[in-house]
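Keep the sequence and the structure in view as you read.

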Amino acid sequence: MKLLLDTCVSGVAARTLREMGHDVVWTAEWDSDPGDEQILRIAHGQARVLITLDKDFGERAIVFGDAHSGIVRLVGIAAREQAGYCARVLEKYADELSEGAIVTADHRRTRIRSSG
């Protein structure tokens with residue numbers, strides 16, 4: 001799956017997801033941070049699911065109607081656990097994400113907001 005990981009997602013998660021065969025772009029490897037709006041635009045333009053800890057991306061998508069290609073938001077997930085959570089969410093909700101869903105995962109539950 002094509003992914004764009006926000007800077008706040010751990011480098012271990014980026015490396016692990018690459019090792020699993022995902023096509024990963026990690027914003028922490030960029031020279032500068034272009035800001036949330038541009039990151040979301042880049043992810044959508046490249047048909048990448050955005051993975052973040054930041055609630056602002058979901059707000060941009062839901063409240064402002066910004067286009068996206070799926071968003072995964074990890075809530076309260078420690079850096080050492082992020083790769084495992086990402087892998088499980090991507091496997092279980094691949095179809096929904098490919099249709100532009102927003103998936104929010106925390107220790108207790110996973111919520112899915114479909115694109116339609």
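A disulfide is a pair of cysteine sulfur atoms within 2.5 Å. This is a predicted model: local features need pLDDT of at least 70, side-chain atom pairs count only at pLDDT 80 or more, and totals for chains, interfaces and linings use all residues. Residues are numbered from 1 along each chain as its sequence is written, and side-chain values use heavy atoms, with hydrogens and water left out.

Q: How many disulfides does the count come to?
A: A disulfide is a covalent bond between the sulfur atoms of two cysteines. The sulfur of Cys 86 is 10 Å from the closest cysteine sulfur, in Cys 8, and that is too far for a bond. Cys 8 is in no disulfide. The count comes to 0.

Q: Is Cys 86 buried or exposed?
A: Buried means under 20% relative accessible area, exposed over 50%, and partly exposed in between (1.4 Å probe, protein chains only). Cys 8, at 33%, counts as partly exposed. Cys 86 has 0% relative accessibility, so Cys 86 counts as buried.

Q: Which residues of helix H2 are buried?
A: Helices (H or I, at least four residues) and strands (E, at least two) are DSSP runs, numbered from the N terminus. H2 spans residues 36-45, and its buried residues are Ile 39, Leu 40 and Ala 43.

Q: What covers the buried residues of H2?
A: Contact means heavy atoms within 4.5 Å. The cover includes helix H3 (56-62). It also includes strands S1 (2-5), S3 (49-52) and S4 (71-74).

Q: Which residue in S6 is the bridge partner of Thr 104?
A: Two strands pair if DSSP finds at least two bridges between them. S5 and S6 (residues 110-113) pair in the antiparallel sense over 4 bridges. A hairpin of 4 residues joins S5 to S6. The bridge partner of Thr 104 is Arg 111.
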